[in-house]
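Please look over the sheets of this model with me. My notes follow the structure.

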Amino acid sequence: MQLLRKILFPFSLLYGFVVYLRNYLFDVGVFKSKSFSTPTICVGNLSAGGTGKTPMIEFLIYALQDKYRVAVLSRGYGRKSKGFLLANNNSTVEQLGDEPYQIYNKFTGIVLAVDADRRNGLVVLEKEVKPDIILLDDAFQHRKVKPTFNILLTSYDNLYVKDWYLPAGNLRDAKNQSKRAHIIIVTKCPDAINENDQKIVEKQLKIEKGQELFFSKLVYENELKGNKQMLTLKEIKGKTVTLVTGIANPKPLISFLQNKHIVVEHLQFKDHHFFTEAEIEKINSKQLVITTEKDYVRLKGKVCNMFYVEVKHKILNNGKSTLLKSVEDKIG
């Protein structure tokens, strides 16, 4: 791995220069960022996935949907459609992408749209839907849009300050762009994290004046959901299950299951993977399949005896109310 990183290092320098130049041109006004009249909350990161953006979007929907008409705008990574698309009851996972499809099916009272051109997507939503708030999923690096509020996520075990540019590392944007965040959330914290650990991380991140720092951990449900039935983790304690994942970082889920004394056979695929018939046949040969909610929406109806683990963010230090107050104060 170290040898591969050394080989890729020159390409990372080139990538980093392009990122620096692009941000500089936005900073000095050569490239323009557009603001919108509708309050927009951007949830993003500086790295290539694995920080928990979708659970954070869902966290915000749970908190805001009773007070506001919420719209979510996503790129719809991996979808097989083009341009702007407004989700409806006939939309498929292939049209929307796995994460938007998951969100739309979970929350009946929201509007969801996909568009790789975030600026165009916002224009259409403002004109045709007129929501109270728009949540921008994974749009921190899309500087053609200037959100009302930026939430930047970074994983505890791979802080952006310790990372390096693609392809030698996982950074897709410059570390100094963290200055644009109003809130920084360190996600996927271990259960044993203490106040001293948090102070060390805060010092490493060099939080700027006016920014707020929060810590969160992923909380997995103890009930597994399937097509027609539920299954508790207690029922499969000591048994072997096949875990199927197509996500950026499956390690926290594997650790969670193993800590519940479940023996895990792991079939790992790349993030947003659409499964082939041969892969589905192999998965169907397994006695009991557990997967993530994101993978479940791509495999639903194709795999028997399959269940998914729902995951949510828990803001540590009783910080949930403070975080939500900051969001609502900013968006008015």
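1. In strand 14, which residue is the bridge partner of Thr291? The partner is Tyr308. Strands here, like helices, are DSSP runs numbered from the N terminus (strands E, at least two residues; helices H or I, at least four).

2. A word on the basis. The model is predicted: local features need pLDDT of at least 70, side-chain atom pairs count only at pLDDT 80 or more, and totals for chains, interfaces and linings use all residues. Residues are numbered from 1 along each chain as its sequence is written, and side-chain values use heavy atoms, with hydrogens and water left out.

3. Strand 13 (289–292) and strand 14 (306–309) run parallel, joined by 4 bridges. Two strands pair if DSSP finds at least two bridges between them.

4. Both belong to an open sheet of 6 strands, ordered 10-9-14-13-11-12, with mixed pairing. Strand 10 (230–232) and strand 12 (263–268) each have a single partner strand, so one side of each lacks a neighbour in the sheet. From one strand to the next, the twist averages 35°.

5. Helix 7 (251–259) packs on this sheet. Strand 11 (240–245), strand 12, strand 13 and strand 14 are touched by helix 7; contact means heavy atoms within 4.5 Å. The direction of helix 7 makes about 165° with that of strand 11. Axes are lines fitted to C-alpha atoms, for helices over the stretch in contact; angles run from 0 to 180 degrees between N-to-C directions.

6. Another open sheet has 9 strands, in the order 3-4-2-5-1-6-7-8-15, also with mixed pairing. Its edges are strand 3 (85–86) and strand 15 (311–315).

7. Strand 2 (70–74) pairs with strand 5 (133–137) in the parallel sense over 4 bridges. Leu73 has Leu136 of strand 5 as its bridge partner.
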